[in-house]
Amino acid sequence: MSDRIADSTIKGFLYQFNKTILEIANADDEDVITVEGVVEDVDVLSASGELEAIQCKYHESKEKFTPSLIFKPLLQMAESYDKNPTAKIKYTIFIFVPNEVHGEKDIERTILESALATTDKSLSKIVSRISDNFDNDEFLKNTRIVFGPSLDEIEGSTKAALDLLGIQGSDVDTLLYPNSIAKIAKLSSIKDETERQITKAKLYNYLSNATHTAISKWTLALKNRSEILKLIKQQLSSSFSQNSRDRYFYINKNDIDDYEEKVVVFFGNYIKKVSG
């Protein structure tokens with residue numbers, strides 16, 4: 001994978017994580033948010049029983065919006081709707097494309113018809129699973145596209161929403177925000193759907209008890225990485241400066257991406273530090 005593609009993939013995930021945090025922070029107390037939901041990237045279940053299924057797309061490299069950019073998520077949503085047309089589900093494609101005006105738009109019937117008539121082999125497999133009596137108009141009544149802000153802009157909105165949670169004595173940039181990203185990233189990797197569910201209260205409690213900044217490949221991909229690493233160094237300095245004879249580390253390999261490689265690097269760097 002090229003660096004450009006890898007960078008684009010990371011930004012796509014961070015965009016989704018930010019949107020998820022925003023949904024949680026702005027949710028009603030009774031709402032339940034499922035990370036990597038059964039239906040889409042983010043499922044928001046309200047107390048009334050209505051479900052909003054949100055799929056996030058980040059197209060920073062595109063100059064303008066073209067309908068083909070949403071063919072895949074639109075067809076996936078159409079397949080989901082076709083399987084259960086009476087369910088109270090609202091479908092949202094949340095997408096960033098440069099030069100597009102932010103806001104909600106209806107999806108034109110011609111776009112859906114073009115998607116259903118696609119000759120793309122991978123998309124045709126989805127189309128083949130949609131029944132012949134699929135109701136285009138009813139599906140479109142429950143489906144919308146929202147042109148969202150850039151990654152930098154949504155990050156700013158996410159931090160503002162976290163600040164409004166009112167967690168005293170916690171810095172948003174270097175503690176609440178990176179820990180929120182790490183939390184959502186971890187939830188997204190859990191297989192059991194019920195364990196991927198979170199509420200505003202659960203996020204608040206998690207962040208209220210956070211005293212150290214979580215570090216992962218996602219937090220290290222944030223634009224204030226150097227600031228975060230500086231804080232982590234300060235958090236660890238009191239322990240590292242103690243001149244005790246024995247030191248013990250508890251490491252859960254399930255919490256570390258690329259464990260086999262990174263744990264060796266960690267201990268190598270640690271030995272250099274204490275013996276230098």
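Hi everyone, and thanks for coming. Before we start, please keep in mind that this is a predicted model, in which local features need pLDDT of at least 70 and side-chain atom pairs count only at pLDDT 80 or more, while totals for chains, interfaces and linings use all residues. Residues are numbered from 1 along each chain as its sequence is written, and side-chain values use heavy atoms, with hydrogens and water left out.

Let's begin with the sheet. It is open and has seven strands in the order β5-β6-β4-β3-β2-β1-β7, with mixed pairing. When I say strand or helix, I mean a DSSP run, E of at least two residues for strands and H or I of at least four for helices, numbered from the N terminus. Two strands pair if DSSP finds at least two bridges between them. Which strands stand at the edges? They are β5 (103-106) and β7 (197-198); each has a single partner strand, so one side of each is left without a neighbour in the sheet.

Now let's go along the pairs. Strand β1 (residues 32-35) pairs with β2 in the antiparallel sense, over four bridges, and the bridge partner of I33 in β2 is V44. Six residues lie between the strands of the hairpin of β1 and β2, and there E36 takes a positive phi near 50°.

Next, strand β2 (residues 42-45) runs antiparallel to β3, and four bridges join them. V44 turns up again here, standing opposite E52 in β3, and L45 stands opposite L51 in β3. The hairpin of β2 and β3 has five residues between the strands, and its G49 takes a positive phi near 95°.

How do β3 and β4 pair, parallel or antiparallel? Strand β3 (residues 51-58) and strand β4 (residues 89-96) pair in the parallel sense, over eight bridges. L51 stands opposite I89 in β4, and Y58 stands opposite F96 in β4. β3 is mostly covered, with seven of its eight residues buried. Buried means under 20% relative accessible area, exposed means over 50%, and partly exposed is in between, with a 1.4 Å probe and protein chains only.

Let me stop at two residues. F94 is found in strand β4 and is buried, with a relative accessible area of 7%. F94 touches several residues, including Y15, I54, C56, V146 and I154, not counting residues up to four places away in sequence. Touching, or contact, means heavy atoms within 4.5 Å. The C-alpha atoms of F94 and R144 are separated by 8.7 Å, although these residues are 50 apart along the chain.

The other residue is Q16, in helix α1 (residues 3-25). At 6% relative accessibility, Q16 counts as buried. Leaving out residues up to four places away in sequence, Q16 touches E36, D41 and C56.

On to the helix pairs. Two packed helices are described by the angle between their axes and the distance between the axes. Axes here are lines fitted to C-alpha atoms, for helices over the stretch in contact, and angles run from 0 to 180 degrees between N-to-C directions.

Helix α2 (residues 71-83) and helix α3 (residues 109-116) pack at an angle of about 90°, with axes 10 Å apart. That makes α2 roughly perpendicular to α3; angles of 65 to 115 degrees get that name, under 35 is roughly parallel, over 145 roughly antiparallel, and the rest oblique. F71, L74 and L75 of α2 meet I111, L112, S114, A115 and L116 of α3. What kinds of residues make up the contact of α2 with α3? Seven are nonpolar, one is polar and none are charged. Ala, Val, Leu, Ile, Met, Phe, Trp, Tyr, Cys and Pro count as nonpolar, Asp, Glu, Lys and Arg as charged, and the others, Gly among them, as polar.

Helix α6 (residues 151-163) and helix α7 (residues 172-188) pack at about 100°, with their axes 10 Å apart. That makes α6 roughly perpendicular to α7. The contact is made by E155, T158, K159, L162 and D163 of α6 and V172, D173, L176, Y177 and S180 of α7. These divide into four nonpolar, two polar and four charged.

Last, the cores. A nonpolar core is a set of buried Ala, Val, Leu, Ile, Met, Phe, Trp, Tyr and Cys residues joined through side-chain atoms within 4.5 Å. Of the 38 residues in the largest one, L162 and I181 touch the most other members. A second, separate core of 29 residues includes L75, I111, L112 and I126.
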